[in-house]
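Subject: Handover of a structural model

Dear colleague,

Please find below the structure that I am handing over to you. My findings follow directly after it.

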Amino acid sequence: MKVEEVAKQLEALGNPTRLELYRVLVRAGHSGLPVNQVQERLGIPASTLSHHMQRLVQNGLVSQERQATTLICRAEYPAMAALVGFLADECCVDEACSTSNQAA
């Protein structure tokens, strides 16, 4: 992943409402949730939900699919895994360098 893409995704998740929205969708699983159920769970106005949802969709963290008259929202698990992986992949890699420098 590119640093710019990661920064945009983290910025999108940096808003408390969007973070809670994302967590609702992550908990919902692969089947996702209809937008009206997301709204009920969060207890926010439709216009507010739409604004926050759009930011998550734009940054590839959420997808939406229309099924007849229902809009289904889903967390994009590959994007989530890539984001978490980007943050964790190099965890402590420099520690070996600082440990060997202290021994010298």
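**Overall form**

Please keep in mind that this is a predicted model. The protein chain contains 6 helices and 3 strands. Read from the N terminus, the elements follow the order α-α-β-α-α-β-β-α-α. The radius of gyration of the protein chain is 18 Å, whereas a compact globule of 104 residues would have a value near 13 Å. Along the principal axes, the C-alpha atoms occupy a box of roughly 65 × 20 × 20 Å. Of the 104 residues in the protein chain, 30% are buried. Among the contacts with a separation of 6 or more, 57% are between residues 24 or more positions apart.

The 3 strands form an open sheet in the order 1-3-2, and their pairing is antiparallel. Strand 1 (33–34) and strand 2 (62–67) are the edge strands; each has a single partner strand, so one side of each has no neighbour in the sheet. As a general point, strands of a sheet pair through backbone hydrogen bonds, in either a parallel or an antiparallel manner.

Strand 2 is joined to strand 3 (residues 70–75) by 6 bridges, and the two run antiparallel. Within this pairing, Val62 stands opposite Ala75 of strand 3, Arg66 has Leu71 as its bridge partner, and Gln67 faces Thr70. Strand 2 and strand 3 form a hairpin with 2 residues between them. In the turn of that hairpin, Ala68 has a positive phi of about 60°.

Strand 1 and strand 3 also pair in the antiparallel sense, over 2 bridges. In this pairing, Pro34 has Ile72 in strand 3 as its bridge partner.

**Helix contacts**

Which residues bring helix 2 and helix 4 together? On the side of helix 2 they are Thr17, Arg18, Leu21, Tyr22 and Leu25, and on the side of helix 4 they are Leu49, His51, His52, Met53, Arg55 and Leu56. Sorted by class, the contact of helix 2 with helix 4 comprises 6 nonpolar, 3 polar and 2 charged residues. Helix 2 (residues 16–28) packs against helix 4 at an angle of about 75°, and the axes are 10 Å apart. Helix 2 and helix 4 are therefore roughly perpendicular, as angles from 65 to 115 degrees are counted in that class.

Helix 1 (residues 3–13) and helix 5 (residues 77–88) form another packed pair, with an angle of about 110° and axes 11 Å apart. That angle makes helix 1 roughly perpendicular to helix 5. Val3, Val6, Gln9, Leu10 and Leu13 in helix 1 meet Ala79, Leu83, Phe86 and Leu87 in helix 5. The residues of the contact of helix 1 with helix 5 comprise 8 nonpolar, 1 polar and no charged.

**Two loop residues**

Is Asn59 buried or exposed? Asn59 is located in the loop between helix 4 and strand 2. Its relative accessible area is 16%, and Asn59 is therefore buried, since the cut-off for that class is under 20%. Apart from its neighbours within four places in sequence, Asn59 is in contact with Lys8, Gln9 and Ala12. Gln9 also belongs to the residues of helix 1 that meet helix 5.

Pro45 is situated in the loop between helix 3 (35–42) and helix 4. With a relative accessible area of 49%, Pro45 is partly exposed, because that class lies between the 20% and 50% limits. Pro45 and Arg23 are 22 residues apart along the chain, and their C-alpha atoms are separated by 18 Å.

Yours sincerely

Methods. Residues are numbered from 1 along each chain as its sequence is written. This is a predicted model: local features need pLDDT of at least 70, side-chain atom pairs count only at pLDDT 80 or more; totals for chains, interfaces and linings use all residues. Side-chain values use heavy atoms; hydrogens and water are left out. Two strands pair if DSSP finds at least two bridges between them. Helices (H or I, at least four residues) and strands (E, at least two) are DSSP runs, numbered from the N terminus. Buried means under 20% relative accessible area, exposed over 50%, partly exposed in between (1.4 Å probe, protein chains only). Axes are lines fitted to C-alpha atoms, for helices over the stretch in contact, and angles run from 0 to 180 degrees between N-to-C directions. Angles under 35 degrees count as roughly parallel, over 145 as roughly antiparallel, 65 to 115 as roughly perpendicular and the rest as oblique. Contact means heavy atoms within 4.5 Å. Ala, Val, Leu, Ile, Met, Phe, Trp, Tyr, Cys and Pro count as nonpolar, Asp, Glu, Lys and Arg as charged, and the others, Gly among them, as polar. The radius of gyration is taken over C-alpha atoms; the globule rule is 2.2 Å times the number of residues to the power 0.38.
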